[in-house]
Amino acid sequence: MELPQYKPVEPAAEIERFRQCHGAAIQETREMLEKARAGQNGDAEGILDAQLTLLMDEYAVVEPIEEAIVQEGLNLFQAAGQVFEEIAETFRQADDEYMSQRAADVEDICGRFLSRGLGLGRQDYSSLPQGTVLAARSLTPSDTIGMDLEHVAAIITEYGGYCSHVGIITRNHGIPSVSGLEGIVSLLQAGEEVLVDGDEGAVTAGLGESEREAFYILQRQREARERALDRFRTAESRAADGEAGLICANIGSEAEAAGAAAAGADGIGLLRSEFLYMGYDQLPDEESQFRAYRRALEDMAGRPVTIRTLDIGGDKELPALPMEREENPFLGCRAIRLCLSHPDLFHTQLRALLRASVYGRLQILFPMISCLEELRQAKGLLLQVREELEQEGIPTAPVQVGMMVEVPSAALLAGHFAQEVDFFSIGTNDLIQYALACERGSAKVEHLYSPYHPAVLRLIALAAEGAREAGIECGMCGEAAADPRLLPLFWGMGVREFSMTPAAVTRARAVLSGVDTAACRELARRALDCGDVENVIKLLEV
C-alpha cells in the first residue's frame with residue numbers, strides 16, 4: 001500500500017487525526033469481534049481478541065506512533081506503518097513457527113488501520129459461489145474471518161504456512177488448503193476447475209474425466225472418515241485395551257483456550273506465554289499476565305492447563321528487553337537461562353501464575369532445562385514467590401511443576417530430573433534440532449531434520465523410562481505428537497499425554513483407540529533397534 005508522503009504542518013493536529021483513525025479501527029475490530037462471538041466462531045474470536053489487545057496498547061502502539069509524528073515529523077500513516085512494521089518484524093524473527101506467523105496479525109491490524117484512515121475498500125469474501133477454490137497471494141486474518149467458509153471448497157495461497165491463520169482456520173473447518181506455492185495465482189485462470197490436495201500439498205489443473213472421478217471417490221471416502229472421527233471429539237482418550245491417556249491442545253494465547261475445549265481437548269498441554277511479551281515496548285505487568293492466565297484456566301473448566309514460562313532468546317529482539325546479539329542464539333541465553341538472568345522478569349510471571357492457580361488446574365512448565373542447577377534455581381524462585389504471596393494474604397493453589405525435555409542432556413539424565421519434577425513434556429521440535437545439529441528452519445539441511453531418526457527416538461525413550469521409573473507423567477508437545485504413525489510408537493515407550501493443534505485432537509484420539517499397549521511396546525522395542533530413518537519408517541508403515 002502506497003502511503004501519503006506529506007509532512008504535517010501541525011504535529012498536534014496530526015496526532016488528533018491519528019486518534020480519530022485509531023478510534024475508528026478499534027471500533028471496527030470490536031464490531032468484528034462481536035460478530036464472531038455471536039456466530040460462536042471461536043477461531044475468529046481468539047484472533048480478533050488478540051488483535052484488539054495489541055491495537056489498544058498504549059505503550060506498544062499509541063505512544064510510539066505519536067512520538068514518530070512529533071519527533072520524526074512523519075504523518076500519521078507513515079508513523080503507523082513504521083511502528084507496526086517494527087512490531088511485525090519482532091514476530092518474524094521468532095524461531096517458533098507459530099509465533100513467527102503472528103506477524104500476519106500485526107500486518108492485518110496495520111492494513112485495517114490504513115485502509116480505514118485512507119478511505120480505501122478491502123476485498124470482500126463474504127459472498128462466494130458454492131464450491132469456490134480461492135487462490136490468492138496471501139490472506140490476512142480479517143480476510144479469513146469475514147470469508148463465506150460454507151461456500152469455500154479449498155484455499156491456495158502463495159505465502160503463509162501451517163501455523164498461519166489460514167492454516168489454523170481451514171484445518172478447524174475441514175477445508176483443504178495449500179500454502180507456499182509462489183507464483184500459483186498467475187498460473188490459474190478465473191473459473192478454472194482445479195483439484196486441491198491439502199494432505200499432499202498439491203494443486204492440479206487441466207483436469208480430465210478420469211481425474212474428476214478419482215477425486216469424487218476420494219472426497220466421499222474423506223467425508224466418511226470425518227463423520228466417523230466426530231464421535232471421538234467427546235470420547236475418552238484410551239487405548240483399545242483400556243489404558244488411559246490425554247489428548248491435549250497447544251495454544252498461543254489465552255483467547256484460544258475456549259476453542260481448544262470445544263475441539264474436545266482433554267486439557268492444554270502447552271500455552272505459550274510469549275504472546276504477552278512479543279511486539280510490546282514494555283514488559284507485561286503482573287495484572288495483565290494474571291488476567292490472561294486466569295481466563296485460560298476458567299475456559300478449560302477444571303481441565304489441566306500447562307503454561308510454559310517465557311521461552312524467548314537472543315534470536316528474537318524484544319523492544320522491552322534489550323539483549324546482546326549472540327553468534328549462535330539457539331545455544332545462548334534463551335528460555336530458562338534468560339529468566340534466571342532476569343529474576344525481576346521471572347518473579348513477575350511466577351506471581352501472576354500462582355495468583356491465577358486458584359481458578360483451575362495449573363501446571364507450570366520450565367523450558368530448555370539442561371542441568372539440575374537450573375531446575376533447582378527455578379523451583380527455588382517459585383517457592384519464594386509462593387511464600388511471598390502467602391505473607392501478603394493472597395491465595396494460591398497447589399500446582400504441578402514440570403520441565404521441557406528438549407535438550408539431549410535432559411533426556412540422558414531423565415532419571416535424575418524425574419526425582420525433582422511432577423511431569424515431563426518432551427519438546428520434539430528442539431530436541432530433534434539439538435540432537436541432530438540441524439536447524440529446522442534451514443532449507444539446506446531440512447532433509448536431515450526428522451522425528452524418525454533413531455537417535456531422537458532413543459532420547460525420547462530415555463525420557464519416558466526415567467519418568468515411568470520415578471512415577472511421574474511423561475507428555476509430548478512437539479509437532480511429532482500429532483503424527484499418527486508415531487503416536488503408537490511413543491505410546492509403547494510410555495508417553496501418555498500428547499499435545500497438538502486443536503484440529504488434530506479427534507484424529508489422534510481415534511488413532512489411540514485402535515492401539516494395543518503391549519503391541520506398542522513391542523513396536524517401540526523394534527524401532528529402537530533400528531539404525532537409520534528409512535528402516536524406522538518401514539517398520540511404522542507395516
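Predicted model: local features only at pLDDT ≥ 70, side-chain atom pairs only at ≥ 80, totals over all residues.
Close-up 1. As a friendly reminder, strands of a sheet pair through backbone hydrogen bonds, either parallel or antiparallel.

**Close-up 2. Where β1 meets β2.** Zooming in on this pair, we find β1 running parallel to β2 (residues 152–157), with five bridges joining the two strands.

Close-up 3. A disulfide is a covalent bond between the sulfur atoms of two cysteines. The count of disulfides here is zero. Take Cys339, which is in no disulfide: the nearest cysteine sulfur belongs to Cys333 and lies 9.1 Å away, whereas a disulfide calls for sulfur atoms within 2.5 Å. Cys339 counts as buried because its relative accessible area is 0%. Cys477 is also buried, with a relative accessible area of 7%; the cut-off for buried is under 20%.

**Close-up 4. A nonpolar patch of leucines on the surface.** Here Leu412, Leu413 and Leu462 come together as a nonpolar surface patch, and their accessible area together is about 260 Å². Leu412 sits in helix α16, which covers residues 408–412. With a relative accessible area of 57%, Leu412 is exposed, since that label applies over 50%.

Methods
Residues numbered from 1 in each chain as written. Heavy atoms only, no water. Pairing = 2+ DSSP bridges. Helix = DSSP H or I, 4+ residues; strand = E, 2+ residues; numbered from the N terminus. Buried < 20%, exposed > 50% of the residue type's maximum accessible area, 1.4 Å probe, protein only. Patch = residues over 30% accessible without salt bridge, like charges linked within 9 Å, V, L, I, M, F, W, Y side chains within 5 Å. Areas by Shrake-Rupley, 256 points an atom, 1.4 Å probe, with all protein chains shown as cover. Salt bridge = Lys/Arg side-chain N within 4 Å of Asp/Glu carboxyl O.
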